[in-house]
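Here are a few exercises to work through with the model open beside you. Try each task before reading its solution.

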Amino acid sequence: IEAWITAMDPPRDRHLASFVNSSARSALQWNATPMYQSTGYGFLSATMQNFSYLFSRDTWMHQFQDKWEHWIWEVKFAMGFTGLVCMYVYWPAYRQYEIPTNDVFPGTFHFAGWAMIAYAMACSPTAEGTVKKGILRLLGTLLGAFSGWLALIVCGEQNEIALTVWMTIFTAIPAYVGLPRGPLAWMGAHPDYGYSVAVFVMTQCLVIVDVVAGAGGKGEIVVNRIVGNVTGIGMAIVLLGLVPYSPQGGNPKYARAVWIGEQESILYSLRLLLQFCQERERFARQVSPTYGEEPYEESQAGLATIHVCKNMNIHRSQTLKELTVMGAEANDYYADASQFSFFPLFQTDPRLGVILQSLKIVGSCIDTSLSFAAHVLQQGLLETKNDDMRKHIGQTFLADRTSQQMLKYMVQQLEASLNDLYHDSSNDASSCGPPSVIEVDYDGQHGANYDQHHKEDDSHTINEDPAVLSQSLASKVFVYLVQRIFRRLHTLQDNLATVVQWGMLGPHHHHDQSPLEHA
């Protein structure tokens with residue numbers, strides 16, 4: 001409220017430059033964005049921006065960095081189309097399964113064309129998803145072709161009214177079964193088995209319409225549709241589902257990679273803050289001739305504050321953004337592998353979905369805690385005289401020894417966890433641990449005794465000075481957030497070890513592989 005009231009005061013600087021500063025330009029751009037986007041310029045600019053990504057070095061580095069599974073999947077996906085074309089062109093025995101029809105595109109549309117369509121639609125990003133989606137498409141194709149064939153026999157091929165009634169009834173019933181209940185029905189078919197229902201409705205309608213339009217007899221159309229779909233589905237299941245080196249959504253290694261990244265992210269941030277606290281204490285011990293006269297933002301401590309805030313904001317915009325992309329990819333893999341839950345094979349552990357949601361929450365908490373710390377530190381750089389309390393809070397943030405001891409304890413625990421994770425039995429620990437980009441001195445008593453220090457400090461007489469209370473509250477809030485993140489990461493480590501991954505024939509416990517492969 002105080003900030004709002006202060007902002008409502010008339011500006012002391014009446015010059016024109018004060019009305020076009022960086023904040024005013026940002027507000028103008030934020031308000032003008034919807035207006036120029038509605039004129040079509042937004043679509044054009046987004047298209048040009050996406051086109052510019054093709055010439056970006058980061059784009060190509062990202063494509064060739066730890067993406068071997070993606071490249072293998074893309075090669076196998078292309079090989080499937082090549083194989084289907086070669087089967088039809090160079091394998092006469094396979095081509096003989098096609099039954100000639102009266103279609104204007106004989107020899108391609110109702111047979112080889114549907115094989116390629118079925119292959120493309122049955123492919124999924126994961127091996128489990130490809131197998132399950134292929135089986136769902138196979139069930140929908142067989143039942144839909146049978147329903148269309150039966151409708152042509154019962155109603156007759158030229159009785160359009162009866163066929164319309166048949167399609168209305170046998171489209172409404174599957175739609176009712178395949179749609180989720182409640183408002184989720186507006187969002188499309190059921191994510192578990194709705195794809196099979198959609199294929200059933202599509203196949204039934206296409207068989208009836210093709211026969212009524214004179215493209216061929218009901219037997220020829222149904223047989224060509226079934227054989228073409230079975231060929232494409234089988235190619236997808238064998239090549240992308242059963243052949244190794246396809247991403248597996250039930251494998252916890254994707255969640256573990258996010259967990260490692262979040263540990264390294266919070267470790268880097270805590271090291272950065274502890275180094276800043278040590279520099280601030282060292283600057284406070286030094287006697288400067290102009291001590292107390294120079295502005296805080298121009299002092300050594302102020303420059304260190306600007307440096308740490310800049311690094312934390314860069315870390316939030318880059319590293320945490322990459323973790324968000326990794327988490328979204330892991331969630332997409334798990335959702336794709338979890339469809340068709342009634343199928344007894346290629347199941348996924350439900351606990352993995354809970355872990356992925358927890359990792360998403362932890363990532364948001366890390367971003368919030370770092371944003372809070374950077375905001376509090378930036379309060380010490382305020383230039384107005386009406387913000388003395390907030391300046392004091394920012395300049396003394398994490399200055400108490402209890403908060404520093406807690407952060408040092410968590411840094412040591414995170415370092416020990418990552419060192420054990422990256423430990424290689426063929427090398428010593430000093431050569432295989434995570435990179436230490438920031439050195440922190442660990443002085444005094446810490447570790448398991450930090451709770452005792454916390455209790456001793458709380459037993460002291462409470463200072464009723466609002467500035468001191470606010471300083472202590474800001475530090476305690478940040479330490480509490482980091483402590484909750486630390487405990488949640490430790491719990492997720494134990495939960496990841498209990499995830500069960502299903503193979504082709506049944507479940508098997510996931511044995512830890514090399515940490516570098518997980519990373």
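**Exercise 1.** Decide whether Ile161 is buried or exposed, and find which nonpolar patch on the surface includes this residue.

*Solution.* Start with the cut-offs: buried means under 20% relative accessible area, exposed means over 50%, and partly exposed lies in between (1.4 Å probe, protein chains only). Ile161 has a relative accessible area of 67%, so the residue is exposed. Finally, collect the patch: Ile161, Val165, Ile169, Phe170, Ile173, Tyr176 and Val177, together about 690 Å² of accessible area. The areas come from the Shrake-Rupley method with a 1.4 Å probe, with only the protein chains shown as cover.

A quick word on the source: this is a predicted model, where local features need pLDDT of at least 70, side-chain atom pairs count only at pLDDT 80 or more, and totals for chains, interfaces and linings use all residues. Residues are numbered from 1 along each chain as its sequence is written, and side-chain values use heavy atoms, leaving out hydrogens and water.

**Exercise 2.** Locate Thr126 and work out what its side chain pairs with in a polar contact.

*Solution.* First, go to the loop between helix 7 (109-122) and helix 8 (127-155), where Thr126 sits. Then check accessibility: Thr126 comes out at 0%, so this residue is buried. Now list its contacts (heavy atoms within 4.5 Å): leaving aside residues up to four places away in sequence, Thr126 touches Pro247, Gly249, Tyr333, Asp336 and Ala337. With Asp336 there's also a side-chain polar contact of 2.5 Å; the term covers N or O atoms within 3.5 Å, one able to donate a hydrogen and the other to accept it within protein, while sequence-adjacent residues count only if both atoms are side-chain atoms.

**Exercise 3.** Which residues have the most contacts inside the largest nonpolar core?

*Solution.* A nonpolar core joins buried Ala, Val, Leu, Ile, Met, Phe, Trp, Tyr and Cys residues through side-chain atoms within 4.5 Å. The largest has 56 residues, and Leu270, Leu407 and Phe478 have the most contacts inside it. Helix 12 gives the largest share of this core, 14 residues.

Note on methods
Helices (H or I, at least four residues) and strands (E, at least two) are DSSP runs, numbered from the N terminus. Patches are made of residues with over 30% relative accessible area and no salt bridge: like charges are joined within 9 Å, nonpolar side chains (Val, Leu, Ile, Met, Phe, Trp, Tyr) within 5 Å. A salt bridge is a side-chain nitrogen of Lys or Arg within 4 Å of a carboxyl oxygen of Asp or Glu.
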